[in-house]
Amino acid sequence: MTKSKQLRVCIVAGARPNFIKVAPLIRAIMNNDKATYQLVYTGREDDPTLEGTLFDDLQIPRPDIFLGVDCQSLNELTGQVMGAFEHYLQEHPTDVVIVVDDLASTMAAAIVTKKQGIRLAHLVAGTRSFDITMPKEINRLVIDGLSDLLFTAGIASVSNTNREGAEQSRVYMVGNILIDNLRFNHNRWHRPAVMDELGLQEGQYVVFTINRKALLADKEKLQSMIDVVRGARCEVRETKIPIVAVLRDEAKRVVSLLAPQSPLPDKDNLEIIPPQPYLDFGYLTAHALGIITDSGNVAEEATFNGVPCITLNSYTEHIETVKQGTNVLVGEDPERLEASLRDMLNGNWKQASIPERWDGRTAERILQILIDVD
């Protein structure tokens, strides 16, 4: 790349969590005169999951382009994104496209990018569940197979790409970009108003989040797990610990049906609250006694913050959160959940450490690689 030419980067986001991951990279590009970017969102401009404060909280501009795709069928969504993104690339000269994670829209953008002969980079490459029945696992395999640059978060992800035959020259262990945001926002978290409304004190409550469609669909299994959570009692204090359930849309509907808000005889400890702004949610999880979740991103943040975390799944694509971090996997087993929750509430948790390259400089490394290999 000559000094007079700026690297033209297209960053594609397919859902709200993607914006959190690309925000550090956008901030890095905005502070570098060797590159410029456009942010493309595959969804609608009025997407209700993109609360008004999100982009201000992340300190990045709103997307430059909204493709406007919104449908439930993954195959239909894939086709619509491919058509819309092809039109975008034909009208906007681009040197490299960066896609994020493992959504159907991510795969669609990746396929179109390669068909247009444009360099493709995958952010958070190499994550695997090793369950080929999962649509997201198929997406990951396709995206990594097509990508010219694979940006991985850790050694395990590098090993996965190597095992699948990726050339080492295409794989870069850049670190966990979520941590860039956590370090950047460390002094910017907001204490949520809901904490005062519920009388919550720092370190005296547990955050509960759930979003996985398979678990929400299995009402009997989910009911048994909610029963454990609602009965959470700390043996040291002999009192119930408040469980703050931060739930969106379908998750809120399902959990509200399974765990009525009417008080139990000895007071229900489950409080369902609406989704929180990014900086508020960051404060809520960073100051919790513990977290129960099915989100890999939330588990990663818990590891960085040193907060005990229980994941309602039998696997994780982010194994470093278990091997080094604060995370434990209980699957969908209420007995294992109860045992781990008891340990959490009584302070009997494992020692944890921060994984390699969780240093807040991942975006800097990615941008430098993009510039150097152009």
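## Strand pairing at one end of the sheet

Ala245 has Ile272 as its bridge partner in S12. This pairing belongs to a predicted model. Strand S11, covering residues 243-246, runs parallel to S12, and four bridges join the two strands.

## The six-stranded sheet

S11 and S12 form part of an open sheet of six strands with parallel pairing, ordered S12-S11-S8-S13-S14-S15. The edge positions are held by strand S12 (270-273) and strand S15 (327-329); each has a single partner strand, so one side of each lacks a neighbour in the sheet. From one strand to the next, the twist averages 20°.

Helix H15, spanning residues 334-345, packs on this sheet. H15 touches strand S8 (206-208), strand S13 (290-293), strand S14 (309-311) and S15. The direction of H15 makes about 170° with that of S14.

## Packing of H1 and H16

A further contact involves two helices, H1 (residues 16-30) and H16 (residues 362-373), whose axes come within 8 Å and cross at roughly 60°. Because of this angle, H1 is oblique to H16. The crossing of H1 past H16 is right-handed.

Which residues of H1 and H16 meet? From H1, the contact involves Pro24, Leu25, Ala28 and Ile29; from H16, it involves Ala363, Ile366 and Leu367. The residues of this contact comprise seven nonpolar, no polar and no charged.

Notes: Residues are numbered from 1 along each chain as its sequence is written. This is a predicted model: local features need pLDDT of at least 70, side-chain atom pairs count only at pLDDT 80 or more; totals for chains, interfaces and linings use all residues. Side-chain values use heavy atoms; hydrogens and water are left out. Axes are lines fitted to C-alpha atoms, for helices over the stretch in contact, and angles run from 0 to 180 degrees between N-to-C directions. Angles under 35 degrees count as roughly parallel, over 145 as roughly antiparallel, 65 to 115 as roughly perpendicular and the rest as oblique. A crossing is left-handed if the near helix is turned anticlockwise from the far one by less than a right angle, and right-handed if clockwise. Contact means heavy atoms within 4.5 Å. Ala, Val, Leu, Ile, Met, Phe, Trp, Tyr, Cys and Pro count as nonpolar, Asp, Glu, Lys and Arg as charged, and the others, Gly among them, as polar. Two strands pair if DSSP finds at least two bridges between them.
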